[in-house]
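Biologist: I'd like to learn how to read helix packing in a model. Could you walk me through it?

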Amino acid sequence: GDRHLDNFLLSLDSGEVVPIDFGYSFGIGALLPVPEIAPFRLTGYLLSVLQPLAGNLGHGAFRDGLERCLMRCRESAGLLLDACSLFVREPLLDWTAESKRRGNSDVDWLPKQRLKFVSDRLRGVHPALILVQEFSESPVKWVKERLKAPQADSIEAIVAGLHDPSRRSLFESALRTQGGAGRGGAGR
């Protein structure tokens with residue numbers, strides 16, 4: 001989401017990069033008037049900072065590090081979800097405003113929904129299935145229409161890349177192993 005150089009601090013003590021803006025965290029970009037389809041942007045800025053760690057086409061030590069990080073996050077899913085539960089007790093102002101805009105008196109609704117998506121990611125649910133569920137909450141008219149579109153033109157086809165045979169195969173395999181939540185059933 002909202003990742004640009006103004007949203008990071010660099011620790012002068014350790015050299016670590018510290019994110020400081022969580023307004024678009026937890027998939028909230030799917031609710032924007034022009035929704036964000038890519039859950040993570042590997043931008044030119046980021047690639048240039050990470051060279052030579054990124055290697056050819058983003059592979060190499062950078063990708064290996066991300067994979068190890070995801071594995072550790074999944075191993076400690078309970079701890080991460082407990083830490084994220086702070087956002088239910090103290091929701092971001094944007095989340096509270098969104099709940100009110102929707103006329104939902106339960107201001108915990110959106111934070112709980114966002115944490116469900118975090119939990120799904122930690123459990124390894126296919127990212128396209130999660131994104132379709134996130135889009136199902138969009139208040140934007142064209143997004144709602146696209147969710148009901150025929151399979152080839154649907155949001156699911158776009159986010160899963162179903163036009164590419166290898167990506168289609170991976171996605172269909174995920175549907176079989178994850179209970180078939182897609183194909184019109186995700187988030188509905």
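Modeller: Gladly! Helices are DSSP runs of H or I with at least four residues, strands are E runs of at least two, and both are numbered from the N terminus. Axes are lines fitted to C-alpha atoms, for helices over the stretch in contact, with angles from 0 to 180 degrees between N-to-C directions. This is a predicted model, where local features need pLDDT of at least 70, side-chain atom pairs count only at pLDDT 80 or more, and totals for chains, interfaces and linings use all residues. Residues are numbered from 1 along each chain as its sequence is written, and side-chain values use heavy atoms, leaving out hydrogens and water.

Biologist: At what angle do helix H6 and helix H7 pack?

Modeller: Helix H6 (residues 109–123) meets helix H7 (residues 127–135) at about 170 degrees, their axes 10 Å apart. Angles over 145 degrees count as roughly antiparallel, under 35 as roughly parallel, 65 to 115 as roughly perpendicular and the rest as oblique. H6 and H7 are therefore roughly antiparallel.

Biologist: Which residues make the contact?

Modeller: Contact means heavy atoms within 4.5 Å. H6 contributes Arg-114, Lys-116, Phe-117, Asp-120 and Arg-121, while H7 brings Ile-130, Gln-133 and Glu-134.

Biologist: How do I read a salt bridge?

Modeller: Look for a side-chain nitrogen of Lys or Arg within 4 Å of a carboxyl oxygen of Asp or Glu. That rule gives 7 salt bridges here. One of them joins Asp-120 and Lys-116, at 2.8 Å from N to O. These two residues are 4 apart in helix H6, so about one helical turn separates Asp-120 from Lys-116.

Biologist: And where does helix H5 pack on H6?

Modeller: Helix H5 (residues 93–101) packs with H6 at about 115 degrees, with axes 8 Å apart. Trp-95, Glu-98 and Ser-99 of H5 touch Trp-109, Leu-110, Pro-111 and Arg-114 of H6.
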